[in-house]
Amino acid sequence: MGLKQNLHKLKEKYKGTKMAPAFNAIHTFLYMPNETTHSGSHVRSADDLKRTMNTVIMALIPCLIFGMFNAGYQHYLALGDIQAANGDFFSANFWNWNNLTVGLWKVLPLVLISYGVGLAVEFVFAVIKGHEVEEGYLVTGMLVPLIVPIDIPLWMLVIAVIFGVVIGKEVFGGTGMNILNPALTIRAFLFFAYPTWMSGDKVWVHGAVASTGQPDAISGETILGSLAQGNPAGYDWLDMFYGFIPGSVGETSTLLILLGGLFLIFTKIGSWRIMLSAVVGALVMGFIFNGVVDAGWISETSKFYGLMSTEFWQHLLIGGLAFGIVYMATDPVTASQTNKGKWFYGFLIGFISVLIRVFNPAYPEGVMLAILLMNVFAPTIDHYVLQGNIKRRMKRLKVKTA
Amino acid sequence: MGLLSKKDSKLILDPLADNNPITIQVLGICSALAITAQLKASIVMAVSVIFVLAIGNVVISLMRNIIPSKIRIIVQLIVVATLVIIVDQVLKAFAYELSKELSVFIGLIITNCIIMGRFEAFALGNGPWRSFLDGIGNAAGYGLILVIVGFFRELLGSGTLLGIKVLGDPIAKTGLYSIGYENNGFMLLSPMALIIVGLIIWVQRSRNKALIEEN
């Protein structure tokens, strides 16, 4: 008897008991259920929640693998053991075994903790509430390790994941009912609870925290951090695009995020309206700031000068903006639901991200706060779009009946 | 309680749990968010409100038949303001550091919705003894939540309780801090107080299903 039959038997055995949702979840995750709908359904589609989630995970895998290599690359580069890759995407200095070993050693625990703790919370809630375990956490669990600094202590991640899943999602009723993106709730919790581990110039490169104060201390300032302090970025734009820069684990490579974004658009999982309008929003805000600098309204001594004078298109390459736009802003639960609303929603995310980034150097990752803010406003946007439609149609109705 | 009749003891016990001013009536949230970062401030606030509300309820109840209803809000405000000024002066005289820490929030007891609410809803229609008990009960229910929130926020946010370093020294790395524990800075921000109050409401309603509103 195969695993499938065993699982099915367990499922039958525990039917109606408290643990039933847990067995059902494992069963549906691994196999097609034994019972499927035979009649009565009119719309048949191959993509259920599970497949949707898995498509997003597939789009995230390249970022994860790149993140592992980058973890080791940044570590050894800071130590001076290897040469910089310098704009060569297939550089042997980057894609080598030593780098991957460091990456596996540091990133895999993050992935395991994120999935283990998050799914445990989901199972506990499913058992208590007596509903089925939902697949919503599959993507969140993959996003979380990609958006935290590499050296984050694991116990902090555990607390943050519990907080994010319970407060961000379960209290509202679980997957599909949450107001805020759970992955960003987890990151925001970490950011406000343990700021020393989430910002500054130490946490982004593995080993930098441990070496503080020693003669061979290494530092790993992100580009945003350098610019906010008025220093030059220190990286070629091609390096930024390829992702050979310090940052959170999986968000550095704009190239791979772009590919993942195209994949999501091609499979119709991610909304191209949100992605496009968010990019436009960021470009517009960046353009305005460039204009302010060109007009000479602020001088080089201003503390905003560094980020304001950054060329407008480079805002897309640095920090987590691209990652946030492609994978977080498009979360179908927390984004606007109407097509027209998606344009406003996306545009404002890009616009506000760059705004926060420039005007508040204490919160270098503006995209996190911008998406959370717009998550809150998404229902309002939808409301006005709907009301606009209703008004227009009422008018049409009056013309017809008159 | 042998001292009180069953009806009277209900006046004190009800607001502590099933009719709590903060978690059920959702009044007085502002001060619960603002001053609960330290346990000591929460306790002082709780005691102050118990004093103001108990005495105020008695005073209003004694005057309830001679207050013209058109100006009753002004009369109530004068009573609260007088009592709050007494509290403020006492704190300034005997606990100056603490009064600086609480700053405007002692003065803002005047605008605490619980106080005006009890004056309006209870003291204007009941005798002094029952009003006194009602004041104690409601203020204690408010204070209870304040102390719970203050306890968790100070313990997890600063690692101290009433200023005593119960979890060890974060700078010298003793106690819990020696194994890598760190204080949760989020606990010191007001949003976390809101979340803790929300969690208390969640626990309370899941234990007593009768409190869940239909909608």
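How high is the mean pLDDT of chain B, and what share of its residues reach 70 or more? The mean is 84, and 98% of the residues of chain B reach 70 or more; pLDDT is the predictor's confidence in each residue, from 0 to 100. This is a predicted model, in which local features need pLDDT of at least 70 and side-chain atom pairs count only at pLDDT 80 or more, while totals for chains, interfaces and linings use all residues. Residues are numbered from 1 along each chain as its sequence is written, and chains are lettered from A and ligands numbered from 1 in the order in which they are written. For the complex, the predictor gives an ipTM of 0.83 and a pTM of 0.85.

**The two chains**

- Chain A has 16 helices and 0 strands, where helices (H or I, at least four residues) and strands (E, at least two) are DSSP runs, numbered from the N terminus.
- Chain B comes to 9 helices and 0 strands, and its elements from the N terminus on follow the order α-α-α-α-α-α-α-α-α.
- Of the 402 residues of chain A, 47% are buried; of the 215 residues of chain B, 33% are buried.
- A residue is buried if 20 or more other C-beta atoms lie within 10 Å of its own, exposed if 12 or fewer, and partly exposed in between, with C-beta atoms placed from the backbone.
- Two residues are in contact if their C-beta atoms, placed from the backbone, lie within 7 Å.
- Among the contacts in chain A with a separation of 6 or more, 73% are between residues 24 or more positions apart.
- In chain B, 76% of the contacts between residues at least 6 apart in sequence join residues at least 24 apart.
- Taken along the principal axes, the C-alpha atoms of chain B fill a box of roughly 65 × 45 × 40 Å.

**The nonpolar core and the contact between chains**

- A nonpolar core is a set of buried Ala, Val, Leu, Ile, Met, Phe, Trp, Tyr and Cys residues joined through C-beta atoms within 7 Å.
- The largest such core has 146 residues, and those that touch the most other members are A:L190, A:A278, A:I325, A:Y345, A:I349, A:I371 and B:V52.
- Helix α3 (residues 49–79) of chain A gives the most to this core, namely 14 residues.
- Apart from neighbours within four places in sequence, A:I325 is in contact with A:M275, A:A278, A:V279, A:I349 and A:G350.
- The contact between the chains takes 8 residues from chain A and 8 residues from chain B.
- On the side of chain A that touches chain B, helix α7 (residues 182–193) gives the most, with 3 residues.
- The residues on that side of chain A are 8 nonpolar, no polar and no charged; Ala, Val, Leu, Ile, Met, Phe, Trp, Tyr, Cys and Pro count as nonpolar, Asp, Glu, Lys and Arg as charged, and the others, Gly among them, as polar.

**Helices and annotated regions of chain B**

- An unreviewed UniProt entry annotates residues 43–62, 74–96, 102–119, 131–152 and 185–203 of chain B as "transmembrane region"; UniProt positions are given in the numbering used here, feature names are shortened, and annotations may be inferred rather than shown by experiment.
- Residues 102–119 of chain B are 67% helix and 0% strand, with end C-alpha atoms 24 Å apart.
- Residues 131–152 of chain B are 100% helix and 0% strand, with end C-alpha atoms 32 Å apart.
- The expected span of a helix is 1.5 Å times one less than its number of residues.
- Because α4(B) has 23 residues, it should span 33 Å at 1.5 Å a residue, and this agrees with its end C-alpha atoms, which are 33 Å apart.
- Within α4(B), the residues B:Q76, B:V79, B:V80, B:L83, B:V84 and B:V87 are buried.
- The buried residues of α4(B) pack against α3, α6 (104–107) and α7 (113–121) of chain B.

**Individual residues in loops**

- The unreviewed UniProt entry lists A:T222 for "modified residue: FMN phosphoryl threonine".
- A:T222 lies in the loop between α8 (195–198) and α9 (223–228) of chain A, and it is buried because 26 other C-beta atoms are within 10 Å.
- Leaving aside neighbours within four places in sequence, A:T222 is in contact with A:W204, A:P246 and A:G247.
- A:K268 is in the loop between α11 (254–266) and α12 (272–294) of chain A, and its phi is near 60°, a positive value in a residue other than glycine.
- A:K268 has 11 other C-beta atoms within 10 Å and is therefore exposed.
- B:N65 is in the loop between α3 (39–63) and α4 (72–94) of chain B, and it counts as exposed because it has 7 C-beta neighbours inside 10 Å.
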